[in-house]
Amino acid sequence: MTRAFVLSLVLLTLASCSGDDADEEGRGTLTVAAAASLSDAFTRIGEDFEAAHPGVEVTFTFDSSSTLAAQIVEGAPADVYASADPSDLDRLRRDGLVRDVEVFAGNELVVVTAPGNPEGIRGLGDLVGVGVVALCGSDVPCGRYAGQALDRAGVALPESQVTRGQNVTATLTAVSDGDAVAGIVYASDAVRAGDAVDTVAIPEDRNVVAGYPIGVVAATADAELADAFVAHVLGADGQRVLDELGFLPAP
């Protein structure tokens, strides 16, 4: 084996190792905790973000905003938190658990019914006595917002008529699966459901517009990557996806 040949092997090995290191430096996993109503939009946004950042993998935890906030308080791993209720994220910010909070979208409520709206529901008042109505849990944002809308309309639904979902996805499923004759969900969830439900608008003076804030979890292991994801959501590409899926501009 000649000296020149040995030198060539060494150089090739060094080049290969250097390339491997560069690949590893470009890789990363980003964990995003997001409100259940963001599942479709953030899945698409995550795919776009991965395409723009080769080697990066975005994983999501979708649930009610209050459930996710409690998990972050308990130390659950997350790099970014997106909520359907500013109050949940504000508490985390005050406790130093989340930073750089910005509102990135809005959402409003609608009534959803079985296809064809067989009960002829035209507004919130028609929900009384119509049968089982699906609402989110009273301690999660979509449930609190629904309660506010019903109060504004002067409508009181007895709890015996109500089925409560853990989050807006479960609430929507109760209607689309026929376990409830109607429900109150976000407009974006009605868009997501497509032909599985009919949608009845709630008048502006009785509706509630939810603001969606996003922030970087202070304990993130990759602040730069987390900041980049937040910037993508706030940027033109992220906002286009949100608009296409029924979200409103940030209030």
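## The chain as a whole

The model is a prediction, so keep that in mind for everything below. Its chain carries nine helices and nine strands. Of the 251 residues, 45% are buried.

## Helix α2 against α8

For α2 (residues 39-52) and α8 (residues 223-234), the angle is about 120° and the axes lie 11 Å apart. Angles over 145 degrees count as roughly antiparallel and 65 to 115 as roughly perpendicular, so α2 and α8 end up oblique to each other. Their crossing is right-handed.

Who does the touching? On the α2 side the contact is made by Phe42, Ile45, Gly46, Asp48 and Phe49, while α8 brings Leu225, Ala228, Phe229, His232 and Val233. Sorted by class, this α2 and α8 contact has seven nonpolar residues, two polar ones and one charged.

## Helix α2 against α9

Helix α2 also packs with α9, this time at an angle of about 150° and with the axes 9 Å apart. The cut-off for roughly antiparallel is over 145 degrees, so α2 and α9 fall into that class. The crossing of α2 past α9 is right-handed.

Here α2 uses Ala41, Arg44, Ile45 and Asp48, and α9 answers with Gly238, Val241, Leu242 and Glu244. In this contact of α2 with α9 there are four nonpolar, one polar and three charged residues. Ile45 and Asp48 turn up in the α2 contact with α8 and in the α2 contact with α9.

Most residues other than glycine have a negative phi. Asp100 sits in strand β4 (residues 98-113) and is partly exposed, at a relative accessible area of 47%.

Asn117 is another, with a positive phi of about 45° although it is not a glycine. You'll find Asn117 in the loop between β4 and β5 (133-136). Is Asn117 buried or exposed? Its relative accessibility is 17%, and the limit for buried is under 20%, so Asn117 counts as buried.

Leu248 belongs to the segment after α9 (236-244). With 29% relative accessibility, Leu248 counts as partly exposed, because that class covers values between the buried limit of 20% and the exposed limit of 50%.

What does Leu248 touch, not counting residues up to four places away in sequence? Its contacts are Ala105, Gly106, Asn107, Glu108 and Val209. For a C-alpha distance to go with that, Leu248 and Tyr212 are 36 residues apart along the chain, and their C-alpha atoms are separated by 9.9 Å.

How values were computed
Residues are numbered from 1 along each chain as its sequence is written. This is a predicted model: local features need pLDDT of at least 70, side-chain atom pairs count only at pLDDT 80 or more; totals for chains, interfaces and linings use all residues. Side-chain values use heavy atoms; hydrogens and water are left out. Axes are lines fitted to C-alpha atoms, for helices over the stretch in contact, and angles run from 0 to 180 degrees between N-to-C directions. Helices (H or I, at least four residues) and strands (E, at least two) are DSSP runs, numbered from the N terminus. Angles under 35 degrees count as roughly parallel, over 145 as roughly antiparallel, 65 to 115 as roughly perpendicular and the rest as oblique. A crossing is left-handed if the near helix is turned anticlockwise from the far one by less than a right angle, and right-handed if clockwise. Contact means heavy atoms within 4.5 Å. Ala, Val, Leu, Ile, Met, Phe, Trp, Tyr, Cys and Pro count as nonpolar, Asp, Glu, Lys and Arg as charged, and the others, Gly among them, as polar. Buried means under 20% relative accessible area, exposed over 50%, partly exposed in between (1.4 Å probe, protein chains only).
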